[in-house]
Amino acid sequence: MQDRILILDGAMGTMIQSLGYNERLNELLNLKKPDVIEGIYKAYLDAGADIIETNTFSANRIKLSEFNLQDKIKEINETAVEIARKAAKSNAFVAADISFSGKYIEPLGNLTFDQAYENYAEQISYLKKADILLVETLMDIKDLKTSLIAAQDNWKKPIFCSMTFDTDRTSTGTDVKSYLTVAESFDVDAVGVNCGDPKLLIKIVEKMCQNTNKPVLVYPNAGIPKLLNGKTVFDVQPRGMVHYAKKFASFGANIIGGCCGTTPLHIKEIANAVKHIKPKKRNNEIPSRVCSASRTIEFGKKVIIGESINPTNKKDLEKETLEGKTSLMKTIALEEKKAGADILDVNVCIPLGNEEIMLPKAVLDIGSAVDLPLCLDSKNIKALENALKKCSGKPIINSVDGEKRHLENILPLAKRYGASVIALTLDNKGIPKTANERLKIAKRILGKAEKIGLSRKDILVDTLAITLAVNENNAKITLDAIKKVKNLGLNTVLGVSNISHGLPNRRQINFSFLVDALNSGLDAAILNPFDSVMVEAMHDAKRFSEKKSIEKYMQAFKEKKILNKKRPIKEQLKQAIVDGLDDSIESLIHEALAEFSPFEVNNYLIEGMEIVGKRFKGKKIFLPSVLISASAMKKATGILNKKIKKKKDNKSKIVFATVKNDIHDLGKNIVITLLESHGFNVTDLGADVSEKKIVEVATKEHADIVCLSALMTTTMIEMPKVIAALRNANFNKPIMIGGAIVNQKFAEQCGAYYARNAVEGVDKIKEILAKN
């Protein structure tokens, strides 16, 4: 990859389909027709491919079980590698190809981290004779993390990963920087993007090349699919790929190939255009980063870590934590974000509490409600590991210190789960009394961290603020230690308010100390974001460097409150839906019913979901937030339906199915969740449903609309067949189609409505049914 651009092969499914094979599972051809698969590899190698991908995209246990083929997982995968090896000989690399299971990991789906991990790890174990592991076509960052953890545990050769983007984000809301932040935490050997229109991928690839120094791979589809004579065809001809390949090369891409719709002819044109080009060298300055699933925070600017999600001395929060609820935590998290927090510290440690259960629950729920990175505040190893499994993005562990047992337990956790870590400059002897001694501990922690493979960018050193009530020189010692740590090239963090513990005028002391710490090189502060003066200092420390300006500003200081006054119940109800506060929705409904009729309460709930839809369309929130709102709405309507005696016949009936030969139902399930939260009566036929079954149910139940989903180019051709069968059966009601590979033009050719995503789907169904 350093000498020239490498060429990846093209689509396997497209070639299988073009040869007249219509297997429900392409991977079965490894056993039934190995010569056919080998012939496809040879065609790509003759076209100039340097890397060929094994025919194992769907050969994981979860997907194979949909076809009752789980017992053949070892044979299918090992045979696939053998076929590829035979074709490649010593002239090309073999990439073991794996992808998602077809089921989302929680909170988007019901799959746990452990289930997803085992699914990936097992398939990887059967592919070890390949040269490269390629984890591809991922849409959810949880799948990226889980697959890479399984890879680093079970694979000792190069690892490549690739995600799929809709526009500037994946379908679940992950942006380029967050993707790169997570991928690089697992030290992958190349990062990539695939399965999109090459025109769309131009900006994605450019941004990737600007934000990483890792090799970049890109393999787009052959444009946009359309229907021609009953077959799926793509609109970019082989020669048309040359323009895009050269564009990707100009940004610094190292590996270029093709995805859906591409053939050996496309790969030949790409190879002739770029194969002999020396990759553009990239020397990007990459700062330390942490991220959620959809937002990256870079150290370099001053970072605020909100400290308010902590039940210590907070009776309401302590009570909620003991009850296993998280609504108040989510409310605080949302308010901390509004107040200016960049990262949220999450602490659930209380007497009689169970951190091992509550920390992962809090991380999952808060991470779904707020798009900020999280800082996991615990010394409980089991609680930390449970929480890291639930965490999207790249979190911070708070904290490790110089004590041997903590170094041996916590640093490996950070490495395995791709986290940064706060390093406290203390050890079993306590907190050192000099800056040099604290520096020595910081160096010791850094040495241990780098030895197990953590980057120094992942270490945030806390030189510890100790109250001035004990020693008036404590502030100077801490500030001197910050300057010394910065000379190591490390980032620094402080829990600022400790400096004033037990003293009067705490706000003034905290503020003055923070200004001095920032001017000494402090990068991040753990503080109360509702304290506006502290937030102001973080944004412009130099402005307050003089004592007079500090005193003047302090006189005008007013602390913000989380909730200044209780809002009307109807506003609280709407907000509970918007924020997905399912723990508190029942009590709010009962309170609202004392003032309003059930129908009025229902309307307020609907208004809340409409706000959610608008925020999603404006890219203010993403799919995880939509789903927790839908969950709260579903719980609310379940309570209300007992009060509102509506006839079932009055509800619009929707029949929903994933078409024949397509086992992917995750998109369908999300749309159904949202539809049910809006009160629709949905019959879910599941995945891999025949046209006969769809017609039978749609006509028998007198459906008001039929919705069809497909994820693959090889199965989207079933959609026009189903639509034709429905029309032949005199079903004249509306039909809507969707799925990752479907587009507006294809829908028009099929004579159906189209929706790009789940939220748009619900809006369109409401609009369509209102007209019919």
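**Note on the predicted model**

1. On confidence, the protein chain averages a pLDDT of 92, and 96% of the residues score at least 70. Over residues 556-565, however, the pLDDT is below 50, although the stretch has 14 contacts in the model beyond near neighbours in sequence; residues 646-650 also have a pLDDT below 50, and that stretch has 1 contact of this kind. Where pLDDT is low, the predicted coordinates should not be read in detail.

2. Eight strands form an open sheet in the order E1-E10-E7-E6-E5-E4-E3-E2, with parallel pairing. Strand E1 (6-7) and strand E2 (51-53) stand at its edges with a single partner strand each, so one side of each has no neighbour in the sheet. The pairing of E1 with strand E10 (residues 255-256) is parallel and runs over 2 bridges, with Ile-256 in E10 as the bridge partner of Ile-7.

3. Helix H8 (residues 176-185) is largely enclosed by the rest of the structure, because 8 of its 10 residues are buried; among them are Val-176, Tyr-179, Leu-180 and Val-182. The buried residues of H8 pack against helix H7 (141-154) and helix H9 (198-211), and also against strands E5 (159-163), E6 (190-194), E11 (289-291) and E12 (296-298).

4. The whole structure contains 5 aromatic pairs. One of them joins Phe-113 and Tyr-117, whose ring centres are 6.0 Å apart and whose planes meet at 25 degrees, so the pair counts as stacked. Both residues, Phe-113 and Tyr-117, lie in helix H6 (residues 113-125), 4 residues apart, which is about one turn of the helix. Phe-113 is buried at a relative accessible area of 7%, as is Tyr-117 at 13%, and ring pairs link Phe-113, Tyr-117 and Tyr-417 into a cluster.

5. Phe-596 and Tyr-604 form an edge-to-face pair, because their planes stand at 80 degrees, with the ring centres 5.2 Å apart. Phe-596 counts as buried at 17% relative accessibility, and Tyr-604 is buried with a relative accessible area of 13%.

6. Two lysines are placed over aromatic rings: the charged end of Lys-63 sits over the ring of Phe-100, 4.7 Å from its centre, and Lys-157 lies over the face of Trp-155, at 5.9 Å from the ring centre.

7. Thr-137, in strand E4 (residues 132-138), has a positive phi of about 55 degrees although it is not a glycine, and Thr-137 is buried, with a relative accessible area of 12%. Lys-619, in the loop between helix H24 (598-617) and helix H25 (623-641), likewise has a positive phi, near 60 degrees, without being a glycine, but Lys-619 is partly exposed, with a relative accessible area of 42%.

Definitions and conventions. Residues are numbered from 1 along each chain as its sequence is written. This is a predicted model: local features need pLDDT of at least 70, side-chain atom pairs count only at pLDDT 80 or more; totals for chains, interfaces and linings use all residues. Side-chain values use heavy atoms; hydrogens and water are left out. Buried means under 20% relative accessible area, exposed over 50%, partly exposed in between (1.4 Å probe, protein chains only). Contact means heavy atoms within 4.5 Å. Rings of Phe, Tyr and Trp (its six-membered ring) pair if their centres lie within 6.5 Å; planes under 30 degrees apart count as stacked, over 60 as edge-to-face and the rest as tilted. A charge sits over a ring if NZ of Lys or CZ of Arg is within 6 Å of the ring centre and within 35 degrees of the ring normal. pLDDT is the predictor's confidence in each residue, from 0 to 100. Two strands pair if DSSP finds at least two bridges between them.
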